[in-house]
Amino acid sequence: MKTIKVLVAAVVLLIFAGNANAQTKFGHINVNELIAAMPDIKVADKAVQDFATTLDGQMKTMTTEYQTKIADYQSKEKTMTDAIKEAKVKEIQDLEKRIGEFQQKAQQDIGKKQEEVYAPVLKKAEDAVKAVAKENNIAYVFDSSKGVLIQFPDGDNILPLVKKKLGIQ
């Protein structure tokens, strides 16, 4: 008798669990496509490009100085004393080192700039996805741009709803 009660209770729990799962909604969105459609991304891209152009200008100035020093050294090398040659070589090597350090620092700075200007765009997209999911009772949203989903029905793609939420045509 006790076994039958436990069995009935287990069946009832499975039925309720099955009903709860049947009501859980899933959605998907191509986040890359959403970000590319956002006007904010063009502003962010321009800010990063402008920053990189500034650093590139500084790099070109350093490279020109380096090339000038090498050309000057090569043209006057035969008339230089050993002490002057040694000083000029050290000067050129120091400039080479500074150029290498500048390149590394510039790459790091560009990465930081990207994080800085893209963070608000990504946050805006994330907030819109969450809002659309909440408004449409969607419990889980998958990013289809990551290739995680193998099959999904078109009707569950929330990209159009999120674009509408953000005012993107």
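In this predicted model, Asp72 and Lys76 are joined by a salt bridge whose closest N and O atoms lie 3.0 Å apart. The two residues are 4 apart in helix H3, so about one helical turn separates them. Asp72 is partly exposed, at a relative accessible area of 27%, and Lys76 is likewise classed as partly exposed, at 43%. This pair belongs to a structure in which a search finds 11 salt bridges.

**Other salt bridges**

- Lys130 and Glu126 form a salt bridge in which the closest N and O atoms are 2.9 Å apart, and because these residues stand 4 apart in helix H4, about one helical turn lies between them.
- Within that pair, Lys130 counts as exposed at 52% relative accessibility, whereas Glu126 is partly exposed with a relative accessible area of 39%.
- Glu135 and Lys165 meet through their side chains in a salt bridge of 2.5 Å, taken from N to O, and this pair links distant parts of the chain, with Glu135 in helix H4 and Lys165 in helix H5, 30 residues apart.
- Glu135 counts as exposed at 52% relative accessibility, while Lys165, at 42%, counts as partly exposed.

**A buried lysine without a partner**

- Lys163, which is found in helix H5 (residues 159-166), is buried and yet has no salt bridge.
- The nearest side chain of opposite charge to Lys163 is that of Glu33, at 4.3 Å, and this pair is not counted as a salt bridge because the cut-off requires the nitrogen and the carboxyl oxygen to be within 4 Å.
- Leaving aside residues up to four places away in sequence, Lys163 touches Glu33, Leu34, Ala37 and Ile168.

**Nonpolar cores**

- The largest nonpolar core holds 19 residues, of which Ile29, Leu34, Met38, Val129, Ile158 and Val162 touch the most other members.
- Helices H2 (31-37), H3 (39-76), H4 (82-135) and H5 each supply at least two residues of this core, and the largest share, 7 residues, comes from H4.
- Val162, one of the core residues with the most contacts to other members, touches Ile29, Leu34, Ala128, Val129 and Val132 when residues up to four places away in sequence are not counted.

**Helix H3**

- H3 has 38 residues and reaches 56 Å from its first C-alpha to its last, which is close to the 56 Å expected at 1.5 Å a residue.
- Along H3, the buried residues are Ile41, Ala44, Val48, Ala52, Leu55, Met59, Met62, Tyr66 and Tyr73, and the buried residues of this helix pack against H2 and H4.

**The chain as a whole**

- The protein chain has 5 helices and 2 strands, and from the N terminus on its elements follow the order α-β-α-α-α-β-α.
- Of the 169 residues in the protein chain, 21% count as buried, and the accessible surface comes to about 12,300 Å², with 58% of it belonging to carbon and sulfur atoms.
- When contacts between residues at least 6 apart in sequence are considered, 85% of them join residues at least 24 apart.

Note on methods. Residues numbered from 1 in each chain as written. Predicted model: local features only at pLDDT ≥ 70, side-chain atom pairs only at ≥ 80, totals over all residues. Heavy atoms only, no water. Buried < 20%, exposed > 50% of the residue type's maximum accessible area, 1.4 Å probe, protein only. Lys, Arg positive; Asp, Glu negative; His and termini not counted. Contact = heavy atoms within 4.5 Å. Core = buried A, V, L, I, M, F, W, Y, C linked by side-chain atoms within 4.5 Å. Expected span 1.5 Å × (residues − 1). Areas by Shrake-Rupley, 256 points an atom, 1.4 Å probe, with all protein chains shown as cover.
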